[in-house]
Amino acid sequence: MDVTSLKQVQPLTKTNILVVDDRPDGLLAMEAVLACEQYNLFKASSGHDAMRYALFNDFAVILLDVQMPELDGFQTASLLRENYRSKDTPIIFVTAINKELRHINQGYESGAVDYIFKPFDPFILKSKVNIFVDLFEKNQQIKQQAVQLRHLEQQEKERQISELRQENERSYAHLADSVPHKIVKVQSSGAVQYFNQRWLDYTGFKTDINWDLLIHPRDRRKFLALWLRLRYRNVKNGEVEIRLRSAQDNIYRWHLVKLVPDMKNEEVVSWIVSCTDIDNLKRAEESFKALSQELSRSNKELEEYAYVASHDLKEPLHVVSSFVYLLEKRFQPKLDDYEKQYLKFIKEGVNQAQRLIKDLLEYSRIGKEKSVEEVDISSVLTETFNNIKTIIDESGADIKCGSMPKITANYLEMVQLFQNLIVNAIKYRSNKPLEIQIYANRQDDGWGFSVRDNGIGIDPQFKERIFDMFQRLHAKTEYSGTGIGLAICKKIVEKYGGKIWIDSKLGEGATFFFFLKSSPVSHESVEKTVLLNHIR
């Protein structure tokens with residue numbers, strides 16, 4: 001701010017002076033001395049008149065007679081000091097009687113700045129009045145300059161605020177143009193206050209926005225519902241997914257539209273609308289949904305086919321097995337070693353096929369059983385150990401279990417899950433005494449389980465492959481099995497929205513981890529989980 005811009009304050013044309021005396025000759029005498037074009041004399045003949053003048057006028061100095069009826073000079077001075085206009089006005093007492101020191105002191109105590117005795121010297125009276133008038137005029141000039149200074153300061157402040165606002169608007173515009181969103185600021189009246197380049201390029205609207213033309217007809221009710229909720233339900237902000245028309249090709253694209261109010265003094269003055277293009281995402285979601293439905297239908301057909309095929313194959317195999325038994329029983333004495341070997345191969349093939357059919361039936365039945373209940377995993381493990389007691393005893397396995405939880409699941413599926421994992425650990429044991437450890441730990445939204453063994457382990461490169469159908473890492477002559485057991489485990493775990501994986505190194509044993517949610521998930525959730533696992 002440049003203080004040199006302060007205007008030169010012109011002196012007042014006339015300065016007010018108040019003369020108070022109950023005697024007309026006294027008033028006339030002071031008027032004769034002070035009368036000039038510079039002064040504007042106010043003459044009061046009593047203390048009451050003096051107070052009335054002081055209520056509505058500013059005076060450079062007050063000449064006050066001491067000896068007056070009703071209100072004397074001292075009383076009048078005290079009252080003048082209580083008035084906001086005259087509380088700082090210089091008062092000169094003029095008297096011809098009260099010349100004692102005590103009266104002089106009383107005058108000063110009443111607020112007087114000087115004491116003049118009658119008869120007075122006109123030159124001295126005028127000199128003293130001129131001094132106070134000069135001080136008054138200089139004070140008035142200072143006040144006027146202070147007003148001008150405050151005005152200039154206010155102008156400078158407003159200029160700085162204006163520059164800051166313009167800078168903020170430039171920064172905001174630069175920021176708004178740099179983000180990949182269409183942004184528009186609309187006043188409560190509907191007038192457009194600001195828009196970025198992306199908004200203009202896409203919608204073509206600069207001033208009034210034709211929302212009916214911009215929004216897809218099927219989405220207008222959704223947008224209107226959001227607008228009403230924001231306006232009349234005291235909701236601070238909101239968002240909605242709608243289709244907006246492009247001004248370039250008249251094609252509607254999906255956008256996530258967010259509305260945020262701009263508040264001032266707790267009132268909404270405008271709305272900031274941001275539009276994010278999510279058309280590709282929406283189309284991907286639709287494709288994902290269609291793929292999910294197709295996968296669900298395909299899986300269902302495959303499961304039904306596997307169930308029917310497995311069921312229909314059981315009868316022919318049973319027939320083959322029966323006739324092999326009859327042939328062996330009837331012609332056993334007449335068969336040579338080669339023929340006996342052939343019959344043995346046939347029986348082993350039939351048994352392998354029957355086991356495969358049994359596993360396929362079990363795999364296809366997973367998910368068909370909808371009933372769930374609170375299942376104590378400790379009871380599940382007890383039944384599992386009883387089911388496979390023979391092979392546990394034959395392997396000499398030392399099985400240790402930690403504290404087990406209760407979860408919501410299908411009891412038989414939990415038995416099958418743990419049984420397959422324990423049998424897998426027994427099957428692929430090493431020459432060392434077999435040790436199996438089963439533990440559970442609480443997690444945020446479910447339970448994590450681990451089944452650890454000290455067997456032969458696997459190469460980490462096969463950790464995903466072993467959960468696929470019919471996948472075997474060893475020849476049938478080394479380890480028996482159908483290659484479906486771990487696939488069944490995976491399907492059971494995924495039914496409950498969980499995940500199963502393995503941590504292993506060749507020759508260092510293996511640990512199977514799986515996670516089960518606290519409560520069963522919906523059929524749709526399971527399908528999405530399965531689909532995502534297939535995509536990965």
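What share of the contacts in the protein chain with a separation of 6 or more comes from residues 24 or more positions apart? Such residues account for 61% of them, a contact being heavy atoms within 4.5 Å.

**Before starting**

This is a predicted model, in which local features need pLDDT of at least 70 and side-chain atom pairs count only at pLDDT 80 or more, while totals for chains, interfaces and linings use all residues. Residues are numbered from 1 along each chain as its sequence is written, and side-chain values use heavy atoms, with hydrogens and water left out.

**The whole chain**

Display the protein chain in cartoon form. Its secondary structure comes to 15 helices and 17 strands; these are DSSP runs numbered from the N terminus, helices being H or I with at least four residues and strands E with at least two. Of its 536 residues, 37% count as buried. Buried means under 20% relative accessible area, exposed over 50% and partly exposed in between, with a 1.4 Å probe and protein chains only.

**Stop 1**

Select Thr 15, in strand β1 (residues 15-20). Thr 15 is buried, with a relative accessible area of 0%. Its side chain makes a polar contact with the side chain of Glu 137, at 2.9 Å. A polar contact is a pair of N or O atoms within 3.5 Å; within protein, one must be able to donate a hydrogen and the other to accept it, and residues adjacent in sequence count only if both atoms are side-chain atoms. Leaving aside residues up to four places away in sequence, Thr 15 touches Gln 38, Tyr 39, Asn 40, Ala 60, Val 133, Phe 136 and Glu 137.

Next, select Thr 76 in helix α3. Thr 76 is also buried, with a relative accessible area of 0%. Among the residues that Thr 76 touches are Gly 47, Ala 50, Leu 64 and Leu 71.

**Stop 1: two loop residues**

Go to Glu 70, in the loop between β3 (61-65) and α3 (73-82). Phi of Glu 70 is near 60°, a positive value in a residue other than glycine. Glu 70 counts as exposed because its relative accessibility is 68%.

Then move to Asn 250, in the loop between β8 (238-245) and β9 (252-264). Phi of Asn 250 is likewise positive, near 60°, and at 51% relative accessibility Asn 250 counts as exposed.

**Stop 2: the open sheet**

Colour strands β12, β14, β15, β17 and β16, which in that order form an open sheet of 5 strands with mixed pairing. Two strands pair if DSSP finds at least two bridges between them. β12 (398-401) and β16 stand at the edges, each with a single partner strand, so one side of each has no neighbour in the sheet. The twist averages 15° from one strand to the next.

β16 and β17 pair in the antiparallel sense over 6 bridges. Ile 502 has Phe 512 in β17 as its bridge partner, and Ile 500 has Phe 514. In the hairpin of these strands, with 5 residues between them, Gly 507 takes a positive phi near 85°.

**Stop 3: helices α13 and α14**

The axes of α13 and α14 come within 9 Å and cross at roughly 145°; axes are lines fitted to C-alpha atoms, for helices over the stretch in contact, and angles run from 0 to 180 degrees between N-to-C directions. Residues including Met 414, Leu 417 and Leu 421 in α13 and Leu 486, Ile 488 and Ile 492 in α14 take part where the helices meet.

**Stop 4: the largest nonpolar core**

A nonpolar core is a set of buried Ala, Val, Leu, Ile, Met, Phe, Trp, Tyr and Cys residues joined through side-chain atoms within 4.5 Å. Select Ile 377, Met 414, Leu 421, Ile 436 and Phe 514, which touch the most other members among the 40 residues of the largest core. Elements that each supply at least two residues of this core include α11 (377-387), α14 (485-495) and β17 (510-517). α13 gives the most, with 8 residues.

Apart from this core lies another, of 20 residues, among them Trp 199, Leu 230, Val 240 and Trp 271.
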